[in-house]
Structures are given as structure tokens and as C-alpha cells.
Amino acid sequence: MTSIDLTTADAISAGNSLFIPTPATPYQGDIARYWDHEARPVNLRLGDVDGLYHHHYGIGEVDHAALGDTEDSAYEKKLIAELHRLESAQAELLLDHLGAIGPDDTLVDAGCGRGGSMVMAHQRFGCKVEGVTLSAKQADFANQRARELGIDDHVRARVCNMLSTPFETGRAAASWNNESSMYVDLHDLFAEHSRVLAVGGRYVTITGCWNPRYGQPSKWVSQINAHFECNIHSRREYLRAMADNRLVPQAVVDLTPATLPYWELRATSSLVTGIEEAFINSYRDGSFQYLLIAADRV
């Protein structure tokens, strides 16, 4: 998949039809199919709370006062709203680390999912936000939401490999991966972010990574890999690949304690997917970490 292919595709694509490029590898095809068929209630029902549809997890302390009595008939609805509040708080934290963004800037969301973070970024900064995803279903969903909100002139999702985007070199003021970097080779990923970012631009990732101090990926990490068909990297791999691609970390924040309340609450909900135990146990035993890394392009 090349930039020329995608630029041509954009010219061909008109109206609401979406050009779907052929996956560059069989694995990319598998991931595209996985997310095209994904329709978990935990993603959709949380997004229904306020129309922001995320594909990441939450951070922060649970507001038990807002939840009220577990015997209350409205308790489950309140629990879903609380989970959504925590996942939106996660996106807000990522946006906090993007630096000074103005309305004339362009941001890039690599692995944009259904577009919740893109909408939040535009609402905060007034800027243009370009998203890429391998899933045509996700891109259609994100673009439809942008049209419904009247911001489709500023927010757009494309079906595209995040390792080879159609964006001009040095175009982006900032870019990010929010729980999407485990699907790609980190050196290739950071080389592309380094190319797209302006010198001085900011890259941010929030991701789960296995802890080198544990020794090797634990059985819980292996279960998470199998569940999402991904390949979780170590913290050390992130920092090494950034250094090799002119991305200099300015902040490394361990969000593990901050994300545990989300998982513990989710495990009590009707929206469980069966992977909650692996996340909770791996965070507790130290084999898995939830990190934010913010780096500047030099």
C-alpha cells in the first residue's frame, strides 16, 4: 500500500462510498476482518452514552456515589455511564500531552477506531484531525458520526495502513496511537510518525506493554494477545524504537494503578468479554503495564 495508491483512491471515492485498499499482508487482512466484524456491546453501549465511541480503556477512580445502590434498577445504566466517563478521561489525558495545538494545525490518529478521540481533539483544539484504520466498517462509522456532528470538514477517517499513510512529510503538528501500536512493528510505526510529524511535533501513545523486569511475557499477556490477535511489545522496545526514529521521550507515565479501577468495575458489569481477568491479574502481578509515552520529533 503506497501513498500514491491512497491519494488516487481518495480521488475515486465520492459521496459516502469508501475505497478499500487491498491489505499489504495476510496479517493486515486478518486484522481488518477482525475489526470489521467486531461489535462488542462494551464498545457500542458505552459510546451510546454521549455519542463518543472509543476503542480503549479507562483511567481514574470510580465515582461510587454516582453509581449508587447495586440493587437500584438504574444501577447498570449508571455503571455503563461511569465506565464511559473513565474511558473519555483516558482520551482527555492523551490530548493533554499533545502540547500547544492551534485551529490551523493537523493531527493524525493512527488506528482511529470509531473516531471518538478524533472528535474530542477537534472539539478541544478546533483543528483538523485525520484518522487511519484498517477497518472499513470503523472508518464508515467514524465518518458518519462526523457528518452527524457537522464536523466532517475537519474530521475524517480513511482505510489505510498506519505504516504507510498518504500524508505529506512534516504535515502533522501532533500524532498518536491509542491502544493500537500492538498491531504493528514499532520501528516501522515510529519511522512513519517521524516522517509525518513536523520537527518539534509531538507524538503520544497510550498502550499496554509487558514489563521487561518480569522476565518474559506472562501467561496473562499471552491470553490478551490471543484474544485481540495482536502482539504486545515490551516497554523497552517502545523506547528503543523511538530513539532510533528521532522521537525523544518527554514524559513516561505509568498508568497501571490508574487503570485498575476501570477493569475491576468492568468485571462486575453485564458487558464482560472474558478478558477482564487477564488484564486485572497481569496488572496486579506486575507483568503488564499501562503506559503513556509522549515524545518530540527532533
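This is a predicted model: local features need pLDDT of at least 70, side-chain atom pairs count only at pLDDT 80 or more; totals for chains, interfaces and linings use all residues.

Biologist: Now strand β1, please. Is it largely enclosed by the rest of the structure or open to the outside?

Modeller: Look at both faces of β1: T106, V108 and A110 on one side are buried, and so are L107 and D109 on the other. That accounts for 5 of the 5 residues in 106-110, so β1 is largely enclosed.

Biologist: And which residue of β2 is the bridge partner of L107?

Modeller: β1 runs parallel to strand β2 (residues 128-133), and 5 bridges join them. In β2, the partner of L107 is V129.

Biologist: Next, the helices. How do α5 and α6 lie: oblique, parallel or perpendicular to each other?

Modeller: Helix α5 spans residues 75-96 and helix α6 spans residues 116-125, with their axes 10 Å apart. Their crossing is right-handed. The packing angle is about 55°, which falls between the 35 and 65 degree limits for roughly parallel and roughly perpendicular. The two helices are therefore oblique.

Biologist: How do the residues of that contact divide into nonpolar, polar and charged?

Modeller: From α5 come S88, A91, E92, L95 and D96, while α6 supplies S117, M120, A121, R124 and F125. Sorted by type, the contact of α5 with α6 has 5 nonpolar, 2 polar and 3 charged.

Biologist: How many of the 10 residues of α6 are buried?

Modeller: The buried residues are G116, S117, M118, V119, M120, A121, H122 and F125. They pack against α5, β1, β2, α7, β3 and β4 (172-178). Helix α6 is largely enclosed by the rest of the structure, because its buried residues number 8.

Biologist: What about α9 and α12: is their crossing left-handed or right-handed?

Modeller: Helix α9 (residues 219-228) and helix α12 (residues 276-285) pack at about 145°, with their axes 9 Å apart. W220, Q223, I224 and F228 in α9 meet E277, A278, F279, N281, S282 and D285 in α12. These contact residues divide into 5 nonpolar, 3 polar and 2 charged. As for the way α9 passes α12, the crossing is left-handed.

Biologist: One last residue. Does R45 count as buried, partly exposed or exposed?

Modeller: R45 lies in helix α3 (residues 41-47). Leaving out residues up to four places away in sequence, R45 touches I80, S270 and L271. I80 is 35 residues from R45 in sequence, yet their C-alpha atoms are 7.5 Å apart. The relative accessibility of R45 is 38%, so R45 counts as partly exposed.

Notes:
Residues are numbered from 1 along each chain as its sequence is written. Side-chain values use heavy atoms; hydrogens and water are left out. Axes are lines fitted to C-alpha atoms, for helices over the stretch in contact, and angles run from 0 to 180 degrees between N-to-C directions. Helices (H or I, at least four residues) and strands (E, at least two) are DSSP runs, numbered from the N terminus. Angles under 35 degrees count as roughly parallel, over 145 as roughly antiparallel, 65 to 115 as roughly perpendicular and the rest as oblique. A crossing is left-handed if the near helix is turned anticlockwise from the far one by less than a right angle, and right-handed if clockwise. Contact means heavy atoms within 4.5 Å. Ala, Val, Leu, Ile, Met, Phe, Trp, Tyr, Cys and Pro count as nonpolar, Asp, Glu, Lys and Arg as charged, and the others, Gly among them, as polar. Buried means under 20% relative accessible area, exposed over 50%, partly exposed in between (1.4 Å probe, protein chains only). Two strands pair if DSSP finds at least two bridges between them.
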